[in-house]
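Below is a short report on a two-chain model. Please keep the structure open while reading.

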Amino acid sequence: MRTGRFLALSFAVILVFSSLAIAQLKNPDTIVIATIGDVSTLDPHFSYDTASGEIIYNVYENLIAYKGESLTEFVPLLATEVPSFENGLIKDGGKTYIFPIRKGVKFHNGYELTPEDVAYSFKRCMILDRSGGPSWMLLDPLLGYESIKDLVRDKLKVPSWEDLFTQDGKLKPEYEKGMREIYEMIDRAVEVQDDKVVFRLVKPYPPFLNILAQGAGWSAIVSKKWCVEQGDWPGTPDEWWKYHDPQKEKDPLYEKMNGTGPFKLVEWKKGEYVKLERNEAYWREPAKIRQVVIRRVDEWATRRMLLEKGDADAVYVPRQYLPQIEKMKGIRIIRGLPTLAIEVVLFNFNIRVEGNAYIGSGKLDGEGIPSDFFSDVHVRKGFCYLFDWDTYIKEVWNGEALQPTGIVPKGLLGYDPNGPKYSFNMEKAKEEFMKAWNGEVWNKGFKFTILYNAGNEERRIAAEMLARNARKLNPKFKIEVRGVQWSTYLSDLTKGNLPLFIMGWLADYPDPHNFVQPFLGSKGAFMAYQGRNAVDLAKIEFDPLIEKAMEIVDPKDREKIYFEIQRKEFEHAPHILLYQAMGVHVSRTWIKGWYYNPMRPGGDFYSLYKSAD
Amino acid sequence: MLAYIVRRLLILPFILIGVTFLVFFMMQFLDPVQRLAAYIKSPEELKNLSSEDIERLIKRYGLDRPLWVQYLEWVKKIVHLDLGWSEVAHQPVKDAILSRFPATLELALFAVFPVIWVGIWLGVISAVHRDRLLDQVIRVFAIIGWSLPSFVFGIFILFILYGVLGLFPPGRLSLWAQAVVSSQEFKSYTGLLVIDGILNGRFDVALDALRHLVGPIITLSYLWWAFILRITRSSMLEALNKEYITTARAKGVPERLVIHRHAKRNALIPVVTVAGMMVLGLLGGVVITETIFDYPGIGRLAATASQQLDYPLILGITLFYGFLLVVGNLIVDVLYAIIDPRVRLE
């Protein structure tokens, strides 16, 4: 009794204290962000993730930038003008782009920006082209290949990049001439003309300006002189191949930065924090904030307290914890931010059979599925009708997500709000499954396993929902859902063992091509994991339209083609479109000047400042 | 004794070869692509990676070579003190361990007194007041601590000390102190910030570092007291029942001396063993406490390394732990000899 009262009393005291203790504005000239992002490299041309992208965005600059929240309007940054057909800086039907370069801009180390630096930056990014990196976005429009290795293989007729070299890593003499020619192609694509830089594209490329805009690290401008001093590519054709696809740790720009942006790097304490400081010699007004610290704090409860006490100005909040901070004083929650990301369940049209534990007997006998189970369009459609979007979006996303109407997300050209979409419909699902495999699927049933990478609750629930509804439809439809370590998932995915798998895609640049190509193009990022039959389908049905849409400059005409692509997507159902989530931003109310742009990786610290309410 | 120490140290390399080979051997159960998970850390990183790229990455990191070849390569590099590159830590393994270990060492050093000393003290009181109210209260109090999950108690302590009182924030240093430590003028002698602060004449920095240690130390103390308390208590009770104690009492030795000089000294032998293990445990890092208090110790690093199968880092840390364990046990053995003259190290 006495202890009970004592406990109650002390809790009351604690509650009073915590409600009284409204945090004061701390560190008025510093912004502290507590997040879970793991910065992995500071080389803008190597980086391809948002945590690194946020740092790069604030330290390096591009030729142009998005105008505020817009995705289609640009302002000049290191260029003095945004090219357009009207001002004559886009020519040859969209194959030549001319950028006049700004004068009087200095890098953080004091070197002055020259047009030579700009040309060097783009060539460096193309040559670097690391495995799994972002350089393909420049290579495709400028050289017509998605990678340097593809280009070399095609031009020099070698089976692989490694075949170019002798045992001790020297270029075989017979390839020297060819390699020089390839360098000339790279060199010609981006050229300095007086105080201008000219880009020569191999074909008109409607999203080209998007690919160059601020936020795209691959198009960030570095200082040639400084890079060479760090031991980077000297900008000459000699042995350029030595600077191709470096190991991350051997990349000279891995942990050093020297940009022209409003902030400069002070310290990258690996796994702990990154500290940036205002660039006092910035070519525009210096930033209002003196310092930015991006702290990595893994535990949510700790981040929450840092935010509450005002020691962090903004924190990363996992969706399920949002209710915990809704009533917190001095906190601003901005909801419903449209993201350019889409989550998809992909069917594997040719599942590997040997040693595959996820497809039961490997036959259509009710105890497994055959390799090409999902090659039958009725199977795929049946599954599409089994997903209950309304419940899923309400329960998992608290209503803050959209059901996509096609692979092009809301907010981009080609998004069709009235496009055909699947809905949760057991009747139609039954109809489709009865047609599948000449009715054998319905009569015999099936059995397989869906894997998800453990820890990803959104994916777990989606998979379980499919499994539950399938069993409800027909007790012979048996799907097991299992969470595995990422390493296992990765291995099984790349081997082609997974019958179906869930993947997300975040836009590289805001253009429908960046969604139709990876998901529907035969050379798309995930097509390889969907099997040979899927690739064949894409070649016939999607590739011609995808290519056609890129040859047209007029947005109205392009839109029509993207509508058509997505109608075909509906018809062939190569995947289930799960959702397009809405973003949330959480910060202290004393942070001012924040605005949203879905293409920006993290914060634009230049726009921010702190002031008590 | 010297011969004993030398002999023990001579075994060291063999133990290290043994443990690292064991870890290496476990790798056999993973296929090369699984081990690539350290380099391709999330589904997002698959974005522009073809199966050909995956093959290339496997070749680049030599993940497809026979096990013994990989092991020999690794050993060859170790001889040159090159532990390889850690993709998880984004730096060479050696740097990662050297940058995280001082934080862990500092926490361990400051935790030893409250965790072990106070634990022993509580155990002695408990034994002396055997089965009386004080004994019961202390034991119940300690057992509650032992049964609490560290993530619950840690968050509770953080909430009280930081959330409510605003006194002891998470992290290792405040913003301003961080700036001082990273500045040119501040010399890093030991990596232990309290000591470095004092050596640099920056007592404010030392105090700030100390302030950040309070939360983890309270958490660890309360969670670990029961362990050391129970050992001390039972070993004390045994000692107090010995005949020489009765003799001492009969001689008229004051009770305080009976307890502290006669009984406690003898009771401490098993405690030293356990305490030694605990210190080694602290030096190995305390994952959950570090995570909650955002303390950059080595425990979190090791946990992430094993989660993401960062083999170079796992091996590096194994090597490091193996070294610590051997040397630590040696120190414990030497301590025995000092506490108990009957123990001879030969």
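## Chain B overall

Of the 346 residues in chain B, 39% count as buried. This is a predicted model. Chain B has 15 helices and two strands. Its C-alpha trace spans about 85 × 55 × 40 Å along the principal axes.

Take the contacts in chain B between residues at least 6 apart in sequence. Of these, 73% join residues at least 24 apart.

## A helix pair in chain B

Helix α5 (residues 93-128) and helix α14 (residues 298-307) of chain B meet: their axes come within 8 Å and cross at roughly 135°. That angle makes α5(B) oblique to α14(B). On the α5(B) side, the contact is made by B:Ala96, B:Ile97, B:Arg100, B:Phe101 and B:Thr104. From α14(B) come B:Ile298, B:Gly299 and B:Leu301. By class, the contact has five nonpolar, two polar and one charged residues.

An α-helix has 3.6 residues a turn, so residues three or four places apart point the same way.

## Where the chains meet

The contact between the chains takes 40 residues from chain A and 40 residues from chain B. On the chain B side, five helices each supply at least two residues: α2 (32-35), α3 (51-60), α7 (150-164), α8 (175-182) and α13 (287-292). The residues of chain B that touch chain A divide into 22 nonpolar, ten polar and eight charged.

## Chain A overall

Chain A has 21 helices and 20 strands. Buried residues make up 46% of its 613 residues. The C-alpha trace of chain A spans about 85 × 75 × 50 Å along its principal axes. How does the radius of gyration of chain A sit with that of a compact globule? For 613 residues, such a globule would have a radius near 25 Å; chain A has 27 Å, which agrees.

Contacts in chain A can be sorted by sequence separation. Among those between residues at least 6 apart, 68% join residues at least 24 apart.

## An enclosed helix in chain A

Is helix α4 (residues 136-143) of chain A largely enclosed or exposed? Seven of its eight residues are buried, so α4(A) is largely enclosed by the rest of the structure. The buried residues are A:Met137, A:Leu138, A:Leu139, A:Asp140, A:Pro141, A:Leu142 and A:Leu143.

These buried residues pack against several elements of chain A. The helices are α3 (115-128), α5 (148-156), α6 (176-189) and α7 (208-212). The strand β7 (196-200) is also a partner. After α4(A) comes A:Gly144, whose phi is positive, near 85°.

## An exposed position in chain A

A:Thr391 lies in helix α12 (residues 389-397) of chain A. Why is A:Thr391 classed as exposed? It has 12 other C-beta atoms within 10 Å, and a residue counts as exposed if it has 12 or fewer. A:Phe424 is 33 residues away from A:Thr391 along the chain, and their C-alpha atoms are separated by 9.7 Å.

## Confidence in chain A

Chain A averages a pLDDT of 92. Of its residues, 96% score at least 70. Residues 1-20 of chain A stay under 50. For this stretch, the model has four contacts beyond four places in sequence. Where pLDDT is low, the predicted coordinates should not be read in detail.

Definitions and conventions
Residues are numbered from 1 along each chain as its sequence is written. Chains are lettered from A and ligands numbered from 1 in the order in which they are written. This is a predicted model: local features need pLDDT of at least 70, side-chain atom pairs count only at pLDDT 80 or more; totals for chains, interfaces and linings use all residues. Helices (H or I, at least four residues) and strands (E, at least two) are DSSP runs, numbered from the N terminus. The radius of gyration is taken over C-alpha atoms; the globule rule is 2.2 Å times the number of residues to the power 0.38. A residue is buried if 20 or more other C-beta atoms lie within 10 Å of its own, exposed if 12 or fewer, and partly exposed in between; C-beta atoms are placed from the backbone. Two residues are in contact if their C-beta atoms, placed from the backbone, lie within 7 Å. Ala, Val, Leu, Ile, Met, Phe, Trp, Tyr, Cys and Pro count as nonpolar, Asp, Glu, Lys and Arg as charged, and the others, Gly among them, as polar. pLDDT is the predictor's confidence in each residue, from 0 to 100. Axes are lines fitted to C-alpha atoms, for helices over the stretch in contact, and angles run from 0 to 180 degrees between N-to-C directions. Angles under 35 degrees count as roughly parallel, over 145 as roughly antiparallel, 65 to 115 as roughly perpendicular and the rest as oblique.
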